[in-house]
Amino acid sequence: MDMLVWATAGLSDPTKLSIPFHLVVNGCVEVGHDSAIVLAGDSTDLLAGDNTETLEGVGIPPMRELLAKLREHEIPVYV
């Protein structure tokens, strides 16, 4: 199954911003789905500065770990 997951939340809600990444790398990929993530709206702030290194949601792995798994599995991210 092909999955396209949209992230729209911004840095003001790190948990909500992290959820799409978590669903893809620790859900879709683990069960063999081809997946991609779209950054839209406020979620594009993730790309500025060192936000990917410092962002941590509650109850979800830190963004740096989620992005490492994205790279490892070559999951596309569209802006």
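## Helix α3 and its partners

The buried residues of α3 pack against α1, β2, α2 (51–54) and β3 (77–78). This is a predicted model. Which residues of α3 are buried? They are Met63, Leu66, Leu67 and Leu70. Viewed down the axis of α3, these buried residues fall within an arc of 95°, so they line one face of the helix.

## The α1–α3 packing

α1 and α3 pack at an angle of about 40°. Their axes are 10 Å apart. The crossing of α1 past α3 is left-handed.

Which residues meet here? From α1 come Leu17, Ser18, Phe21, His22, Val24, Val25 and Asn26. From α3 come Met63, Leu66, Leu67, Lys69 and Leu70.

## The largest nonpolar core

The largest nonpolar core holds 18 residues. Leu17, Phe21, Val24, Met63 and Leu70 touch the most other members. Four elements, β1 (2–7), α1 (14–28), β2 (34–39) and α3 (63–72), each give two or more residues to this core.

Leu17 also takes part in the α1–α3 packing. What does Leu17 contact beyond its neighbours within four places in sequence? The list is Ala7, Ala9, Gly10, Leu11, Ser43, Leu46, Leu55 and Met63. Met63 in turn is one of the buried residues of α3.

## Pro20 inside α1

Pro20 lies in helix α1. Is Pro20 buried or exposed? Its relative accessibility is 8%, so Pro20 counts as buried, the cut-off being under 20%.

Neighbours within four places in sequence aside, Pro20 is in contact with Val5, Trp6, Ala7 and Ile37. Pro20 and Ala7 are 13 residues apart along the chain. Their C-alpha atoms are separated by 5.9 Å.

Most residues other than glycine have a negative phi.

Glu74 has a relative accessibility of 71%, so it counts as exposed, the cut-off being over 50%. By contrast, Met63, Leu66, Leu67 and Leu70 in α3 are buried.

Definitions and conventions:
Residues are numbered from 1 along each chain as its sequence is written. This is a predicted model: local features need pLDDT of at least 70, side-chain atom pairs count only at pLDDT 80 or more; totals for chains, interfaces and linings use all residues. Side-chain values use heavy atoms; hydrogens and water are left out. A nonpolar core is a set of buried Ala, Val, Leu, Ile, Met, Phe, Trp, Tyr and Cys residues joined through side-chain atoms within 4.5 Å. Buried means under 20% relative accessible area, exposed over 50%, partly exposed in between (1.4 Å probe, protein chains only). Contact means heavy atoms within 4.5 Å. The arc is that of the directions from the helix axis to the C-beta atoms. Axes are lines fitted to C-alpha atoms, for helices over the stretch in contact, and angles run from 0 to 180 degrees between N-to-C directions. A crossing is left-handed if the near helix is turned anticlockwise from the far one by less than a right angle, and right-handed if clockwise.
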